[in-house]
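Hello,

Here is the structure I promised to pass on to you. Please have a look at it first, and my notes follow just below.

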Amino acid sequence: MTSSRDFFHSRLGFVLAAAGSAIGLGNIWGFPTQAANNGGGAFLFVYLIVTLLFALPALYAEIYLGNQAQSNPVSALKEACKDSVPNLGKHMGIIGLCGAVMMLSFYTIVAGWMLANALSPLAALLNFSDLSVWLSTSSTTRNLIFTPIFSLLGAAIIHQGINSGIEKWSSRLMPVLLIMLLGLIVYILQQPGAIEGLKVYLIPNFSQVMEPTLIVSAMGQAFFSLSVGVGGMMVYGSYMKKDHDIGKLVLSIASLDMFIAFMAGLLIIPALFVAQHAGFEVFSDGKLIGEGQLIFNILPQLFSSMGSIGLLVSFAFFSLLSIAALTSTISSIEVPVSYLVEEKSKSRNSATWLVSLVVLTASLLIIAFFDTLFGLVIQVLTTILQPLSCLFYFIVVGWLWKRGNKLVATNQKNHSKWLGLWGNYLRYCCPILLTIVFVNVAILN
């Protein structure tokens with residue numbers, strides 16, 4: 001099977017693709033929104049701790065599982081658990097596929113919002129004012145048009161394969177994303193009111209860090225922003241050959257992911273305070289008005305008030321979000337596609353379009369019952385399914401793989417002290433700590 005599989009052709013290509021998977025709307029839209037809504041600096045502090053304690057080890061475990069198995073997540077987990085609970089491994093892999101479809105079902109809707117809002121200032125610059133207003137106004141009709149468009153963009157990349165599709169486009173889009181982000185930060189920080197937002201973001205109020213709602217938000221954000229728990233990183237790991245240092249690659253991915261999330265906070269939180277300084281109502285009782293929807297309501301108005309330069313900034317801002325959404329979407333599509341190609345003998349082309357059709361159907365269902373399903377799907381995925389999937393990865397690597405600790409066994413063979421310590425951390429500390437946090441903040445509160 002492995003001989004016919006496509007692979008990433010370089011370490012950089014793998015890191016950029018995996019980082020592109022991690023660096024999506026969770027970082028550039030979700031993280032700043034959560035930070036602004038949960039104490040700014042306090043949320044940033046807890047997010048960094050949760051990422052280092054839980055999400056980074058989970059990322060390592062997921063990539064390691066895929067890399068060792070050199071196969072899709074269902075086969076990888078089944079193989080890892082074959083000496084103990086093979087059926088459980090297979091079923092958890094299928095749950096991961098369902099999680100990927102869940103993520104895509106709401107993600108493509110939000111990505112469509114970004115794309116529509118990116119086109120709105122261009123329409124305004126071309127004096128198509130009615131079209132500009134329609135593009136920037138939330139509506140079912142707009143969702144029904146732009147959700148399929150974004151689904152097609154992701155499918156168009158995926159069907160080209162790993163090297164010609166995912167690696168090539170990630171290597172192109174990620175540098176563009178970073179340049180645009182830095183340019184927007186420089187511009188926003190020069191506006192009146194930005195420094196106040198900077199202080200809120202960078203100076204934590206430590207009396208807030210133990211609040212259960214803040215912790216569960218940070219935990220969900222950490223798993224969601226690193227794209228762990230749904231198999232995307234596992235399938236990317238399977239496309240990297242075994243002779244690479246997974247630890248260094250994981251550190252590179254996580255560092256780039258956290259850096260982009262941090263930088264996104266430097267952009268959006270000061271921008272919210274710039275809007276507040278300009279007279280727009282942003283906060284009520286310390287909470288964002290409209291929460292995640294605020295950037296679609298307040299920031300376009302702020303940019304519009306700046307004249308033509310503001311419209312260009314608005315185009316760049318929402319183009320940035322669209323690129324982030326696209327790089328993240330393609331990894332989630334690859335999870336079920338790889339399963340259909342390897343286990344069901346589908347061609348990559350037919351598997352891609354079949355998965356895209358299933359995702360589009362799920363997205364249309366959410367659009368039809370938006371008020372009921374949209375928030376529910378996000379909550380179930382980020383606070384239940386992803387943490388529990390990560391818990392299972394820890395148990396597989398630490399306890400079930402060949403009835404023992406795979407990393408400790410490798411350490412004994414290679415005489416690597418670091419690998420042994422890391423293996424025991426994943427075996428004992430991660431499952432216990434993650435279970436305690438999950439029970440206390442996601443179930444009891």
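Helices are DSSP runs of H or I with at least four residues, numbered from the N terminus.

Before going further, a word on the source: this is a predicted model, where local features need pLDDT of at least 70 and side-chain atom pairs count only at pLDDT 80 or more, while totals for chains, interfaces and linings use all residues. Residues are numbered from 1 along each chain as its sequence is written, and side-chain values use heavy atoms, with hydrogens and water left out.

Back to α10: twelve of its 14 residues are buried, so the helix is largely enclosed by the rest of the structure. Buried means under 20% relative accessible area, exposed means over 50%, and partly exposed lies in between (1.4 Å probe, protein chains only). Among the buried residues of α10 are Leu214, Met219, Gln221 and Phe224. After α10 comes Ser227, which has a positive phi near 60°.

Next, the charged pairs. There are two salt bridges in the structure, each being a side-chain nitrogen of Lys or Arg within 4 Å of a carboxyl oxygen of Asp or Glu. One joins the side chains of Glu334 and Arg348, at 2.8 Å from N to O. This pair links distant parts of the chain, with Glu334 in helix α14 (residues 308–343) and Arg348 in helix α15 (residues 348–368), 14 residues apart. Glu334 counts as buried because its relative accessibility is 0%.

Glu79 and Lys82 form a salt bridge too, at 2.9 Å from N to O. Here Glu79 is partly exposed at 42% relative accessible area, and Lys82 is partly exposed at 45%.

Finally, the surface. Leu126, Phe128, Leu131, Trp134, Ile145, Ile149 and Leu153 make a nonpolar patch of about 620 Å². Leu153 lies in α7 and counts as partly exposed because its relative accessibility is 37%. Patch residues have over 30% relative accessible area and no salt bridge; like charges are joined within 9 Å, and nonpolar side chains (Val, Leu, Ile, Met, Phe, Trp, Tyr) within 5 Å. Areas come from the Shrake-Rupley method with a 1.4 Å probe, and for residues only the protein chains shown count as cover.

Best wishes

Key:
Helices (H or I, at least four residues) and strands (E, at least two) are DSSP runs, numbered from the N terminus.
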